[in-house]
Amino acid sequence: MNIQTPVKADKAERMRRAREEAYATPLKNFHPGAPRLFQDDTLWPWFERLRKEEPVHYCTNAPIEPYWSVVKYNDIMHVDTNHGIFSSDSTLGGISIRDVPEGYDWPSFIAMDQPKHSSQRKTVSPMFTPTHLDELAKLIRQRSQTVLDNLPRNETFNFVERVSIELTTQMLATLFDFPWEERRKLTRWSDVSTALPKSGIVASAEERRREMDECYAYMSKLWNERVNSAPRNDLLSLMAHNDATRFMDPDNLMGNIILLIVGGNDTTRNTMTGSVLALNENPEQYDKLRANPGLIDTMVPEVIRWQTPLAHMRRTALQDTEINGKHIKKGDRVVMWYVSGNRDEEMIERPNDFIIDRARPRTHLSFGFGIHRCVGMRLAELQLRIVWEEMLKRFDRIEVVGEPKRIYSSFIKGYETLPVRIPG
């Protein structure tokens, strides 16, 4: 009825071994940003131990430059809301634990400091006003109904491909007013732009370069069309007709486009998949939701916390400072582990449990805080709410029938596949 027993047993054994390894490894040898921990879903005991024993930890045991891990909720909030001390600037390394590769350091407003950050961010914010979201809601519902009505019964299929990717890519195409028949290019560019060398998404740095150059050329063509036509209600047109962004250099333009593609793709897509997995791993919560569909309103922020689609954000210290008693030097990279803060026992009751009727479900870090708080968070919540409203109308349940395949990344916390079946 739910996740198969052998799959549960395999997961339990994997987690037992991970806990043994995490508690046997000296803290000085910790590398919590190792992508294998995220791909295997064995990250949890490593961050649990850090929260207990060394909540601000300096890692020198990694194939990348040393970095600080900040793993407690309040410490993360301190870093996230002090943009005058902790920089997002791409020229200092950007927002990921790994410095942006040479040639990919396209500046976007999320990887900028004030005042440039806010002036560019404001140009796209009209896309996410309550009035416009009300209009988008009609479209989201119509498309959700079509996608869900075309799903097979009594047959295993990949939920990521058939539902999560399709619905989020359709929304991306709408937000950019992108040629509909080529919308899957947006999904591919999003995946390629964040892919690590060992992810298998691209075979080489040269292939990645070619694909991103294709994105650059394609989006530049659309940009020129919008600049030279009357203003329209899409992200490219909003930027093309605002003085804060109209005269961006090509690299800045590309940076903002990639940011908006990734932001609109990965977070919603992976939380949508994660919601099906979470409910199957917690069948009593699924039963509760089926009995009371009104709980969707609190389930949505809970699954965003539980999934934490962006595992971390990185900053660079602009000056010597201190976090929870640890001395941070100017130039140090500081990684805020949202995925750990969202499981902080001191801030969230029973943080490892998935509880769809939590009293305070919005106590989470998944959208960030401060000036860089996710500009499209309300749209993400809207998409999740509507797709679950429509799924509950159609299906008694969606059964997960095998282990998910997770992405090789400690930045994007997501899924390549989730095998599911809808009983007829």
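This is a predicted model: local features need pLDDT of at least 70, side-chain atom pairs count only at pLDDT 80 or more; totals for chains, interfaces and linings use all residues.
View 1. Five helices each put at least two residues into the lining: α1 (5-24), α3 (44-53), α12 (250-281), α14 (296-307) and α15 (338-341). The largest share belongs to α1, with 7 residues.

**View 2. An open sheet of 3 strands, in the order β4-β12-β9.** The pairing here is antiparallel. β4 (157-158) and β9 (399-400) sit at the edges with a single partner strand each, so one side of each has no neighbour in the sheet. Zoom in on β4 and you'll find it joined to β12 (residues 419-421) over 2 bridges, in the antiparallel sense. Look for N158, which stands opposite P419 in β12.

**View 3. R143 and its surroundings.** R143 is part of helix α6 (residues 130-149). Despite being a charged residue, R143 counts as buried, because its relative accessibility is 15% and the cut-off is under 20%. Setting aside neighbours within four places in sequence, R143 touches L167, Q170, M171, T174 and W180. With T174 there is a polar contact, side chain to side chain, at 2.7 Å. Q170 lies 27 residues away from R143 in sequence, yet their C-alpha atoms are 8.2 Å apart in space.

Terms used
Residues are numbered from 1 along each chain as its sequence is written. Side-chain values use heavy atoms; hydrogens and water are left out. Helices (H or I, at least four residues) and strands (E, at least two) are DSSP runs, numbered from the N terminus. Two strands pair if DSSP finds at least two bridges between them. Buried means under 20% relative accessible area, exposed over 50%, partly exposed in between (1.4 Å probe, protein chains only). Contact means heavy atoms within 4.5 Å. A polar contact is a pair of N or O atoms within 3.5 Å; within protein, one must be able to donate a hydrogen and the other to accept it, and residues adjacent in sequence count only if both atoms are side-chain atoms.
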